[in-house]
Amino acid sequence: MSKKITERFLKERYEKDDHYFTVYDHYTPNYFRPTIPGKFYSRHDTLDLTQADPKLVDAIKLAKDKLPRDKYPWPVTESHNYGWYEPLVPLDRNDYRFYCPAKTAPFVTHEILLRLDKTMQKPKFVGIPYPFRIMSPTIRNVQQPDVLLELKSFIGGATHSTKPNHFELTKAALNLLKTLPAARDAVLEYFCTVFNVATQNFIVRIETEIATGQLPPATEDDEAIISEIHGVICNFVSSNAEAWAPIISTWSLELLGELSTRYAGRAHVSTSVNETLQLWMSCRATRTLIDITTQCLSSHIHSDTEACINALLDTSVKHSPNFDWVVAHVGSCFPTTVITRVLSCGLKDFCQNKSYEQGSQSPKLKSVVGILGHLAGSHCEDIHTALLDLFNWSLKPLSPGDQEDCKLQKKATVPFLLQLAYLSPTILVAISKDICETLTLSAVTQLCRFIDDWCKYFGSPDALKEIIINLIIKCEIGGVQIINIFLDCILIENVSIANTMKNSIQKCAQEMLEHLLQEIDSLVRAQSQHPNTVINILDSFIREVAELDEILTSTQLKASTAAKIITFIGHNNPSVLVKSCAHLFKNATTSEHLASLVYILTNELLDKTRDPYCEKGGHFAVILHQVVTQAEEMPDGSKEEAYLQLIKNLLILLRWEKSEQFPLLHSNVIWRAVHFNIINLTKLFGSKDYNLEVQHAVAELLDFLRLPSLDGINSYPIPLQAVLNLTSGAVRYFFRCCSESDVKKFLGLGRIKNVLKRVVLHSKAAKMLALRELLEGALFSDTKMLFGAKAESSLKPDDFEKLLIEQNRKNSKSIVLTKNSSVLHGGVIGNGRKKSISSAELSKEAISDNTEQFLRTLKACCTVPVGDDDTAGVDVSVDSLTSVSLLLVQFVSPDVMYNGLPWPEEEFCKVTIERDFYIRRLFNDTPLLWDLLTFVAMYRPTLCYCSVLLRAITATLIHQWNSIGDQTHLVDPSKYKAMLDTTTKVLDVMALGQLLPPPLSSIRDVIPYVKCSEIVQILRDCVWNYMRDNVPSPALFNCDSSGMVWRDPTTARPPEIYTTTLRIIMQQNIETVGHLYCHMFIKIPSNE
């Protein structure tokens, strides 16, 4: 029963293992996965230490030579613990009481005892292990049979006259190969059959896998036989390379070519070299042949390089393109040697061709191209170096000892390189890399001696130029360097050659450059009809656009050439064009540079309807925006220089456009670009971040633009933000100009008036902004001292403690003031009366000039359009002057109450006395206020709105005249004169504005001749009472037929109640004012 259970258990276990487990004993490569990386122990994949990074090699050596204590901070393994730490107690190895180390381990002692027991020993195995006997039977230790018997056995097996044992037959063939030289061809032919069978079996297995999805197992006999052949032949080559390497390499190369050609159409072999190489390297037979070939070439490459490479090339020509994978693999093992020798062999063969047509059809030349093309993927730098070395070798002067073949090869080197580049784009890339360093002016002059021979080879000079032009157009890199070579040849200087040669080089370079540009132009125009056409040279220009930008700002010839290239690029890549033009516009320093910019922007190849450039005002609008943005991001020092150059260049372009002498600019390209960037440009105007030179340039630009236009020409809508920026900037620029004293000051002030006049006529908001900022800046900002204002006092910390109000606050937290109380700033305790503050250190002429310019600018802001031409705006708007009056009241009067037109009773002045003194002090510290009142009074009836200011000054004057005695003019003449001047000014302003009719308007002439008490009576009874009873209202003024607003003095004469006091005082002082009395009270004009 137990036996049956055991059988069932084993059966079930077997079925489960058979169902769930699969044992794989054969492995095949997966052609759809990447190639397995190289092995570090392979002699072909090992890197030479001379080619490795020295720092990495030193680091590896240092890590290898370091001891564990140097590598790790603590013990990492158990063995490190022994001897890592120093013992706490010194150890004496001679004292066996504490030092008793073990001499051996127990398991070692036990093993020694077992080995000494002879009964346990087994006889030693002296045979061959089973797997090794099957897979790699050896024949090296077999006793040498008789040569005739070996030969007979080999012939019988090879001719199938007897049933052969392939393994024994292979052993016999290998012995004959070594011992019987006459049999080598037969043996190698037999080996061809062996490798052919193995390769065929491999192909069949691959096809079976493709068809069924399962790969059949490989034949063990094929593996064993090929392994034996590989080992023996490699031993032959390594032991005597000079004798065996040429024979074996020729045989293996030819066999590889035959196998590649024979099975090229089977197993779905791809035409790609990499995939083909991966497939054949997975075959044991072809992989063995490749290894044998590589070993032969590596051992023979330095002694007879040319023979090896010629054999490789000949086989490649015979079996091309199926043999390319062999060349690719061999070349990757010896890249430098193979590339150099391939070029040398190709050049020798090329020298035998007598014409271009014959050379282009040369099979060996095509083979050279194919080999270099395969190696270019991973050895492009080696190919570039080899080509450069070959070119430099051809430039070396011929010596008398050179052979005729060497001379021919030097002459044919450049045509050979051109032919290679024409046949292979990869070689063209290698040649054009860093070509500017290779083809220098010195090299060009040396090549001139070969030109005649080249022309004979290509048929004519035109044919040579044509192939060079075609190659340049195909270049994917180095396009800008090639253009530089042409330009350097045209501008050839500092080269010690004959004038005839120099002229010839210049002429040839000029013709080829023009021809090249014409060809690119034709291709670009044809690209519109064939969008998929690729122009490699343009792609090269785009990648090297930074170098092209540098040429744009060079000499005239270089700049014009670069401008044409940028135009070609911009046909399909406008973004690159915009970037280059921005660089050109930003760095243009001559008219030629700007002319190049105009050429680019107006060229017919540039699509001006493409979005988004069409919506943004054109390409130049985008360029201008980029330049302004880039300048804003620059450091402060460079930013001002960038803006200054930008404005200068923009002005030049605008003048060109306005002159109409440039037909290319008739479409107003520049004007439209400025319009779309007007907000950014107006932000620069008047900014404190930039020096005055930049402001002068911006002012000149904005004045030249004549924005906003009033005549309908160039009538683009100006954004409100730009108008406000322009207005604020003009005001700030005005104050900056007033601080200067050179000629540019007056030029800037004139431009400001023109700009403001146009802006205020365009926008009411701009007018109010201009008036407000002008008045506020001139009266209350730091620039008020430019117009004679006194600087504000600055108290020191010690002086602040002496203020009366601060002393009072120390005694009481709050200071209670009685009704109608005022705090008068009389002075500082301990320092006496408050001292007057002097104005800024400006001459009276400068202050007077600044005041006059300010009033002219203010008047320009109050103009109204008169006429239809662009010079409109010569008259003054009463509404604008009314705004000026209201702004004066708003700025000067600190209170919003009691600012009406009526004059109250004199007693009411006690309520507003503090405000009145504030206004009076402001007029004393700011002389410009008197000029403003005079300016307002000239355009009636706008002075009426300043009634509160006149009332405050008059009230303070009455108070002051009443507080001093009649002898003040003798005691304190300066004070008397100041009060007299103020009284005269206020009466003069009121008379000018016709607020005081005759004879009250002449009081200003009477005041200097009367006493202080009499002045008080005149101001109180005549002036104040009249203004109180006759409200200064605009309704008192009439407008005549000519538009003049005024009060008729014959009808507005005041009643006697307002003139009696004046009459009596003048009669009392008739001796001094008699000449005035006659005109004021006797010769009175009638209504008639």
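Because the model is predicted, local features are required to have pLDDT of at least 70 and side-chain atom pairs pLDDT 80 or more, while totals for chains, interfaces and linings use all residues. Residue numbers start from 1 along each chain as its sequence is written, and side-chain values rest on heavy atoms, with hydrogens and water left out.

The protein chain contains 51 helices and 6 strands; helices (H or I, at least four residues) and strands (E, at least two) are DSSP runs numbered from the N terminus. Of its 1088 residues, 43% are buried, where buried means under 20% relative accessible area, exposed over 50% and partly exposed in between, for a 1.4 Å probe and protein chains only. Among contacts (heavy atoms within 4.5 Å) in the chain with a separation of 6 or more, 73% join residues 24 or more positions apart.

Helix α33, residues 669-676, is mostly covered, with 6 of its 8 residues buried. These buried residues are V669, I670, W671, A673, V674 and H675, and they pack against α31 (619-632), α32 (636-659), α34 (678-683) and α35 (692-705). The packing of α31 with α33 has an angle of about 50° and axes 8 Å apart; axes are lines fitted to C-alpha atoms, for helices over the stretch in contact, and angles run from 0 to 180 degrees between N-to-C directions. This angle makes α31 oblique to α33, given that angles under 35 degrees count as roughly parallel, over 145 as roughly antiparallel, 65 to 115 as roughly perpendicular and the rest as oblique. On the side of α31 the contact is formed by F620, A621 and L624, and on the side of α33 by V669, I670, A673, V674 and F676. By class, this contact has 8 nonpolar, no polar and no charged residues. Here Ala, Val, Leu, Ile, Met, Phe, Trp, Tyr, Cys and Pro count as nonpolar, Asp, Glu, Lys and Arg as charged, and the others, Gly among them, as polar.

Helix α23 contributes K465, E466, I468, I469, I472 and I473, and α25 contributes C508, E511, M512, H515, L516, E519 and L523. The residues of this contact divide into 8 nonpolar, 1 polar and 4 charged.

A search of the whole structure finds 0 disulfides, a disulfide being a pair of cysteine sulfur atoms within 2.5 Å. The cysteine sulfur closest to that of C508 belongs to C448 and lies 8.4 Å away, too far for a bond. C508 is partly exposed, at 30% relative accessible area, and C380 is partly exposed at 28% relative accessibility.

A cis peptide bond with omega of about 5° joins R940 and P941, and P941 lies in the loop between α44 (928-937) and α45 (947-963). P998 and P999 are likewise joined by a cis peptide bond, with omega of about 0°; P999 is in the loop between α47 (973-992) and α48 (1003-1006). The loop between α47 and α48 also holds Q994, a residue other than glycine with a positive phi near 60°. Q994 counts as buried, at 18% relative accessibility. D434, in the loop between α19 (425-432) and α20 (435-438), has a positive phi near 50° and counts as partly exposed at 34% relative accessibility.
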